[in-house]
Amino acid sequence: MNNTNLSKIFAQVADLLQIRGDNIHRVLSYRRAAETLSDLPHDISHIAEKGELTSIPGIGKTLAEKIEEILATGELNFLNRLTDEIPITILDLLKVEGMGPKRVKLVYDKLEVTSIELLEQAAESGELANLPGMGKKSVEKIVAGISALRQFGNNRVRLGDALPAAEAILAQLKQHPAVAKAAIGGSVRRRKETIGDIDLLVALHDNGEAGSVMQAFTTLDVVLEVATKGPTKSRIVLDNGIGVDLRVLPSENWGTLMSYFTGSQAHNVRLRELAKDKGLSLNEYAFSKISGDEKILCASEKDVYQVLDLPYIPPELREDRGEVEAAQQGKLPELITLNGIKGDLHMHSTWSDGQHTIEEMAKAALALGHQYICITDHSYSLGIANGLTVDRLKAQREEIEQVREKVGDHLTILHGTEMEVRADGALDFEDDVLEWLDFVIAAMHTGLKQPREQVTERMLNAIENPHVDMIAHPTGRLIGRRLGADLDIEKIIEAAARTQTILEINANPARLDLKDTHVKLALEQGVKIAINTDAHHVDQLKLMDFGVATGRRGWAMAEKVVNFWPIQQFLNFI
């Protein structure tokens with residue numbers, strides 16, 4: 001029983017409790033526990049053996065006892081009791097657009113629907129439309145949701161696919177004469193690595209008509225189908241399968257609208273608790289006095305936090321991972337921003353599997369305002385990537401020297417390597433080769449499915465080498481395609497901190513590795529981070545923003561990210 005399996009069990013409990021209608025705080029306790037266990041860098045069984053389960057954030061005595069039960073028996077009696085009451089197959093219904101927990105409970109209680117197939121049959125027979133709160137439009141939305149699920153699957157969408165789509169639609173909405181303000185909300189705004197759908201928010205001019213905005217939104221060229229269309233809320237499905245929700249409110253409600261629809265749910269619950277302590281209720285429209293009808297409107301998000309006696313909390317931090325407490329104590333970090341980047345330390349050229357020459361990569365980096373870069377083509381073990389032998393590495397230095405002369409003092413070009421950590425733990429190059437390189441990256445691309453102890457030892461061997469400066473994309477994951485190595489992240493971070501080895505946030509949205517929670521843990525342990533694009537094409541140098549967003553979600557500040565430093569400070573460190 002590993003962390004992932006435990007996380008799935010707790011997520012199932014949370015979903016079943018929500019369908020049953022349990023208290024939201026109880027639901028959230030299991031949901032937060034599921035997220036914590038999924039991201040936990042430590043092996044849960046080792047923590048349990050030490051009797052330290054309650055030291056994990058969000059794991060109290062009750063949840064600790066349930067973890068111990070699962071580890072001992074392989075199952076959770078509480079989940080078994082829930083599934084005796086509510087069939088576990090019912091959870092599939094939550095994947096259908098238009099089927100929230102309340103509706104899932106409704107169709108189960110009234111029609112004994114326990115699967116997507118039975119839900120479809122109930123829609124076709126007319127039984128669904130006869131249920132309370134259901135109507136023709138609701139049923140049509142559910143039928144469309146079933147169709148979309150079959151066509152596109154239920155996988156979450158990578159941020160790298162969702163954000164450009166959201167920005168393109170947003171740009172068109174901003175051109176509408178009725179629109180005073182428009183913004184992206186939800187998990188896209190919080191820059192989560194994957195998203196379920198896109199939330200767009202619009203505030204109208206005083207004389208603006210919501211209907212005309214909805215008409216423009218639902219007739220965009222990229223619309224595959226219109227799921228729902230209403231006066232203040234509409235939903236479309238794009239031709240790539242991503243769902244997009246648009247909500248419209250007056251400008252005077254903009255602050256609470258943005259706060260509410262940015263989330264996360266757990267963060268919003270914390271804000272509502274703080275409001276309640278002040279005798280207020282909080283929703284997407286306004287604060288309201290609990291004891292009367294008085295309302296407090298917030299035109300900006302800063303106003304929302306000001307009412308709660310908090311400084312503004314950046315969207316990337318709004319996950320209920322200590323940001324509220326930090327805000328109360330005046331300890332919110334000054335997060336990194338894209339314009340602070342001074343260099344990119346991981347990129348490839350035509351010498352290995354890149355698509356552009358060293359000179360082309362250098363000029364593209366210079367155009368982005370970089371002060372330094374490092375050319376880090378693959379080493380010879382990665383034959384599929386045309387990796388460099390020692391002789392080719394030396395020949396490459398000659399070309400780098402030539403490009404250095406061409407760009408002059410405008411850009412510092414370092415010569416490095418992305419050296420393979422082989423399946424047996426050996427490194428591709430001997431120390432005497434590594435010694436004359438400016439910057440040495442070690443990475444694993446093969447053997448990622450080895451057992452945790454073995455794959456961890458491989459990585460530790462690289463970290464312990466005094467010539468290795470950085471570990472690239474540590475787990476080797478590809479989001480939505482490959483889980484990556486089952487590393488003991490705790491050991492990796494401890495070794496990196498001790499040896500002052502840099503750990504990378506790979507900015508490619510297919511990787512975002514290290515992930516945000518591991519970034520936060522690494523920074524807390526004193527590890528230095530680098531955010532790099534791993535560019536194989538000049539256009540990929542522009543992916544840096546995704547890595548910066550992951551760093552922000554990991555509470556990263558400029559003094560902890562090495563390529564935010566001036567070149568001499570960086571060179572002194574390595």
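These notebook entries record what I looked up in the predicted model.

**Conventions.** I worked on a predicted model, in which local features need pLDDT of at least 70, side-chain atom pairs count only at pLDDT 80 or more, and totals for chains, interfaces and linings use all residues. Residues are numbered from 1 along each chain as its sequence is written, and side-chain values use heavy atoms, with hydrogens and water left out.

**Entry 1: strand β4.** I took helices (H or I, at least four residues) and strands (E, at least two) as DSSP runs numbered from the N terminus. I looked up the cover of β4, residues 198–204, and found seven of its seven residues buried; buried means under 20% relative accessible area with a 1.4 Å probe, protein chains only. On one side of β4 lie I198, L200, V202 and L204, and on the other D199, L201 and A203, all buried.

I then looked up its pairing, for which DSSP must find at least two bridges between two strands. Strand β2 (residues 179–185) runs antiparallel to β4 and is joined to it by six bridges; I184 has L200 as its bridge partner in β4. Strand β7 (residues 243–250) runs parallel to β4, with seven bridges between them, and V244 in β7 is the bridge partner of I198.

**Entry 2: nonpolar cores.** I counted as a core a set of buried Ala, Val, Leu, Ile, Met, Phe, Trp, Tyr and Cys residues joined through side-chain atoms within 4.5 Å. The largest has 63 residues, and I413, L503 and I531 have the most contacts inside it. Helix α20 (residues 489–499) supplies the largest share of this core, six residues. Apart from it lies another core of 49 residues, L63, I67, L119 and L149 among them.

**Entry 3: packing of helix α1.** I fitted axes to C-alpha atoms over the stretch in contact, with angles from 0 to 180 degrees between N-to-C directions. Helix α1 (residues 3–20) packs on helix α6 (residues 101–111) at about 70°, with the axes 7 Å apart. That angle makes α1 roughly perpendicular to α6, a class that spans 65 to 115 degrees; under 35 is roughly parallel, over 145 roughly antiparallel and the rest oblique. Q18, I19 and R20 in α1 meet P101, V104 and K105 in α6, contact being heavy atoms within 4.5 Å.

With helix α4 (residues 61–73), the α1 axis comes within 11 Å and crosses at roughly 125°; the two helices are therefore oblique to each other. Here L6, I9 and F10 in α1 meet residues of α4 including L63, I67 and L71.

Conventions: Buried means under 20% relative accessible area, exposed over 50%, partly exposed in between (1.4 Å probe, protein chains only).
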